[in-house]
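User: Walk me through this model in questions and answers. Keep it brisk.

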Amino acid sequence: MEGFLSRFFSLHRPLQTALNDRLAPYDLSYSLWQVLYYVENRGPSILVDIAAYYNVEKPAITRRVFRLEELGIIEQIDGPDRRGKVIRLTEHGRDIYRTCRRSITELEHRLMDGIPHEEAAITFHTIPKLLVNLARLEESPHD
């Protein structure tokens with residue numbers, strides 16, 4: 001489907017801007033939100049797991065965690081095997097997560113406004129399949 005990437009990327013920047021606008025009152029950005037989202041939905045986690053999930057380098061996650069600690073949103077505790085620190089949300093962090101989650105959910109609903117449920121569902125279920133195909137491409141890029 002020629003032109004798919006162009007259409008996809010034309011959505012990315014405006015969507016990230018809209019998301020950042022909603023997060024800004026809490027001194028957050030999309031990249032910081034990713035850490036909150038991961039920890040809230042996966043539970044206390046180590047940096048390596050968060051970095052692997054988002055396919056980014058560990059130092060990028062370390063910087064985000066440092067900033068979130070400054071904001072009092074997360075804290076690091078000793079892990080069970082002493083190999084690394086475990087990241088968890090503070091009570092303040094859980095409050096911020098819930099507030100931001102409501103705003104993001106409202107953004108998601110407004111984004112889908114006027115799109116029939118069936119089409120929205122197809123889009124929702126297609127994106128993970130695209131990720132699987134992309135992973136296959138990375139395994140054998142020239143097949």
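**Rings, a helix and the chain**

Analyst: Ring pairs link F4, F8 and F9 into a cluster. Rings of Phe, Tyr and Trp (its six-membered ring) pair if their centres lie within 6.5 Å; planes under 30 degrees apart count as stacked, over 60 as edge-to-face and the rest as tilted. This is a predicted model, with residues numbered from 1 along each chain as its sequence is written. Local features need pLDDT of at least 70, side-chain atom pairs count only at pLDDT 80 or more, totals for chains, interfaces and linings use all residues, and side-chain values use heavy atoms, without hydrogens and water.

User: How many aromatic pairs are there, and what kind do F8 and F9 form?

Analyst: By the ring rule the count is seven aromatic pairs.

User: Is F9 buried or exposed?

Analyst: Buried means under 20% relative accessible area, exposed over 50%, partly exposed in between (1.4 Å probe, protein chains only). F8, at 38%, counts as partly exposed. F9 has a relative accessible area of 52%, so F9 is exposed.

User: Which parts does the pair of W33 and Y97 tie together?

Analyst: W33 and Y97 are stacked, at 5.0 Å centre to centre and 5° between the planes. Helices (H or I, at least four residues) and strands (E, at least two) are DSSP runs, numbered from the N terminus. Both W33 and Y97 are buried. W33 lies in α2 (residues 30-42) and Y97 in α5 (residues 91-111), so the pair ties together parts 64 residues apart in sequence: helices α2 and α5.

User: Why do the buried residues of α3 line one face of the helix?

Analyst: The buried residues of α3 (residues 47-54) are L47, I50, A51 and Y54. The arc is taken from the directions from the helix axis to the C-beta atoms. Seen down the axis, these residues line one face because they fall within an arc of 100°.

User: What covers the buried residues of α3?

Analyst: Contact here means heavy atoms within 4.5 Å. Just after α3, N55 takes a positive phi of about 55°. The cover of the buried residues includes α2, β1 (45-46), α4 (58-70) and β3 (85-89).

User: In what order do the elements of the chain run?

Analyst: The chain has six helices and three strands. Buried residues make up 28% of its 143 residues. From the N terminus on, the order is α-α-β-α-α-β-β-α-α.
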